[in-house]
Amino acid sequence: MNKPENSILVIFGATGDLTKRKLIPGIFALEIQNLLPDNFAILGASRSKKSDDEFRKLMRDSLIKYSNSADSKKIDTFLKKICYQSVDAKDPNDYPNLLERLQKLRKELSINGNTIFYLSTPPSLYGVIPQNLSSINLNKEDDGWKRVIIEKPFGYDLQSAEELNKSLNKNWQEHQLYRIDHYLGKETVQNLLVTRFSNGIFEPLWNRNYVHHVEITSAESIGVEKRGGYYESSGALRDMIQNHLLQIVGFIAMEPPSSMDSNSIRNEMVKVFQSIRPIKEDEVINSAIRGQYLAATIKGEKVSGYREEEGVDPNSKTETFAALKFYIDNWRWGGIPFYIRTGKHLPTKVTEAVIHFKPTPHYLFVQKDICEGCNQLVIRIQPDEGILLKFGMKVPGAGFEVQNVNMDFHYSDLSDQRIPTAYERLLHDCMLGDSTLYARDDAVMAAWKFLEPVINAWQNDPDIPVYGYPAGTWGPENADKLIEDPTMTWRYPCKNLSDDGVFCEL
């Protein structure tokens, strides 16, 4: 990994949870690996009044709690790079003070105008902060590059996303905007490209001639916790599918790029989203399933239902589980169904993509059912990151009874290699000006456009039910009806990839 140019990172929302849990520990990890610029500073910006030392103490506590390193000397050295400026992000009159502090830091540390602005704030400020920065020319690149990292969600629906994009484009160019999706920073998501395009055994099979269907699951074992108020305005479709899962679909379904540069890869991603067959509103009831977790007892502990959570409307129709079936209308994937699902309070925390290959055209050997004979390539994104291939082997003894066996690889087996965290990788990429793993505007809009009929139908059609499912189960039973082949169902993964194929305790 290369060393970036000298720069300053400004974090808006510097006293928030994301900064303490992810951003500062991620930057500290880069410091330990000597991957930060030679001259570098972090300027925290938030409404609360704090001195530099008070903010450093807060960040020290975060590093001790959330960092993998507890070396006090390294922490003390790193904290000297951190400063603080009180800024009301909504008040344009506060921004000249921010500019003055930036100019002072640049002079002290011999840093030119290279600056990253990280918006770790509520989405309502995603348009406000860039506008206020541009009012004091902090968007101009005369003295060095300027970049803005925008957290998800990028808009609430297609219209709001287009409005936000229009607002940003008034004063910022697309190459300055980095829409972050931390899923793309995960090593195993990036490895999808390597698995596909560096192995001659996979690419010839990666098409409609050999693939039966593609399945992507992102499950969480927890509920909404104390975020019921936020989740009410979001739901599983907006929170997970619009960004994380569709981005994974893009990596799985894209054509080989002409090169591994940012534009080439993102061009192919956009083509995937533009090729997804639109779902009409009257088709949503047969192509999408939504659900809410109900009260249950999990391992002797009583768990509240979603509508009983703090900040949630007792009559809420916000989905905590969402599953979709769709098609990609192009030469490679024509007629092959893609199934994606996500949910809260499912049996385990796991994210994985599964390529289900077609069965053999003639069944010569004894198998329990047709589905058992289907090969699967399981790409585990979290936890227990790795890859698993399922194929049939003869059971020892007389006859030709076939049993599926697993051949797997775990990233943890690379004991001499450190796997960077998602934010660590993405922050470093932004410092280098590499936007490969960041979402481009046309990709974001295409994703919203695809989901807009589902959002509208769920909001406006009273005949579309919200299915209940007991917390700790794999969602509504009705989700199984999305799978077209009656011999197949969703995969029910275990927490550990090696346990695949065995009964997992819920």
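Helix H7 (residues 187-197) is mostly covered, with eight of its eleven residues buried, where buried means under 20% relative accessible area, exposed over 50% and partly exposed in between (1.4 Å probe, protein chains only). Helices (H or I, at least four residues) and strands (E, at least two) are DSSP runs, numbered from the N terminus. The model is predicted: local features need pLDDT of at least 70, side-chain atom pairs count only at pLDDT 80 or more, and totals for chains, interfaces and linings use all residues. Residues are numbered from 1 along each chain as its sequence is written, and side-chain values use heavy atoms, leaving out hydrogens and water.

**Helix H7**
- The buried residues of H7 are Thr-188, Val-189, Gln-190, Asn-191, Leu-192, Leu-193, Thr-195 and Arg-196.

**Helix H6**
- In H6, the buried residues are Leu-158, Ala-161, Leu-164, Asn-165 and Leu-168.
- These residues lie on the same side of H6, because they cover an arc of only 130 degrees around the axis, taken from the directions from the helix axis to the C-beta atoms.
- Gln-159 and Lys-166, on the other side of H6, are exposed.
- The buried residues of H6 pack against helix H5 (128-135), strand E5 (146-150), strand E6 (177-179) and H13.

**Nonpolar core**
- The largest nonpolar core has 148 residues; such a core is a set of buried Ala, Val, Leu, Ile, Met, Phe, Trp, Tyr and Cys residues joined through side-chain atoms within 4.5 Å.
- Helix H13 (residues 441-460) gives the most to this core, namely twelve residues.
- Phe-12, Leu-246, Phe-251 and Phe-326 have the most contacts inside the core.
- Beyond its neighbours within four places in sequence, Leu-246 is in contact (heavy atoms within 4.5 Å) with residues including Phe-273, Phe-326 and Phe-450.
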